[in-house]
Amino acid sequence: MSNTAHAQRISDQFSPQASAYLTSSVHAAGEDLQRLQQWLSPFGAGHILDIGCGAGHASFTASPFVRQVTAYDLSSEMLKVVKETAECRKLTNIDCQQGVAESLPFADHQFDCVISRYSAHHWQDVPQALREVFRVLKPGGTLIMMDIASPGSPLYDVWLQSIEVLRDPSHVRDYSPGEWLQMATESGFRIEQLITGQLSLDFQQWVTRMKTPPSTVDTIRSLQRAVASQVHAYFQLQDDGSFTTDTVMFCAQRHH
């Protein structure tokens, strides 16, 4: 699929869901946002870029702690939600720009820190996006990534990617911590902290947020019922379809 077609698919998928993401408990809260505040503490005078900002939760979290936040997303509807919410919350240091992760419309060395939360699994070319992040970061600047993680093991990985792409056709891939380590290193970053965690997902909210069609929801449920017992145990699958997934959060420095 061409970059433009993929970008259109993401936009089609997310634009109607913008307000659902603003109120989603999975996106609006979490230990990762508290950790983000701590990791942003050195950047009080800094300019932060939030790639794939969605409804803006990471941008809103960063805003009180830094000089300026640029919220960046492919979906104009998401950016509209960010702009309106920022105005409503009187967060005056957030500006919005539209575009894709693989081609950032910013100058070299423009940002002190780049953050991204629950977005990278939609990027068509993560290594290219990381090269772009490297370019727009100041020497010694920091990248902070947060995302759903693949367990790495083929058995668990195939199952996770399958239900992800059924629920959301714009899904590309959840990467394992090892894959992140390799991609970041190859792009010129040095990972300084990497933390894995778990996220419990309420099945009904998970599919409703994405407006997954009922027939596809049935397919996901039948996949859940058909899985091997160790997959069932690993993802802590519940009777109602709710499950627990791995997460990864890391902080990496751009070499000078």
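**Close-up views: salt bridges and a helix pair**

**View 1. R173 and E179 form a salt bridge, with closest N and O atoms 3.4 Å apart.** A salt bridge is a side-chain nitrogen of Lys or Arg within 4 Å of a carboxyl oxygen of Asp or Glu. The model is predicted: local features need pLDDT of at least 70, side-chain atom pairs count only at pLDDT 80 or more, and totals for chains, interfaces and linings use all residues. Residues are numbered from 1 along each chain as its sequence is written, and side-chain values use heavy atoms, without hydrogens or water. R173 is partly exposed at 23% relative accessibility. E179 is partly exposed too, at 26%. (Buried means under 20% relative accessible area, exposed over 50%, partly exposed in between; 1.4 Å probe, protein chains only.)

**View 2. R35 pairs with E31 in a salt bridge at 3.8 Å, N to O.** The two lie 4 residues apart in helix α4 (residues 31-39), so about one helical turn separates R35 and E31. Helices are DSSP runs (H or I, at least four residues), numbered from the N terminus. R35 is buried at 18%, whereas E31 is exposed at 60%.

**View 3. D108, E132 and R135 are linked in a network of salt bridges.** The count by this rule is 10 salt bridges.

**View 4. Helices α8 (residues 154-167) and α11 (residues 214-226) cross at roughly 165°, their axes coming within 9 Å.** Axes are lines fitted to C-alpha atoms, for helices over the stretch in contact; angles run from 0 to 180 degrees between N-to-C directions. α8 and α11 are therefore roughly antiparallel (angles over 145 degrees).

Key:
Parallel < 35°, antiparallel > 145°, perpendicular 65-115°, else oblique.
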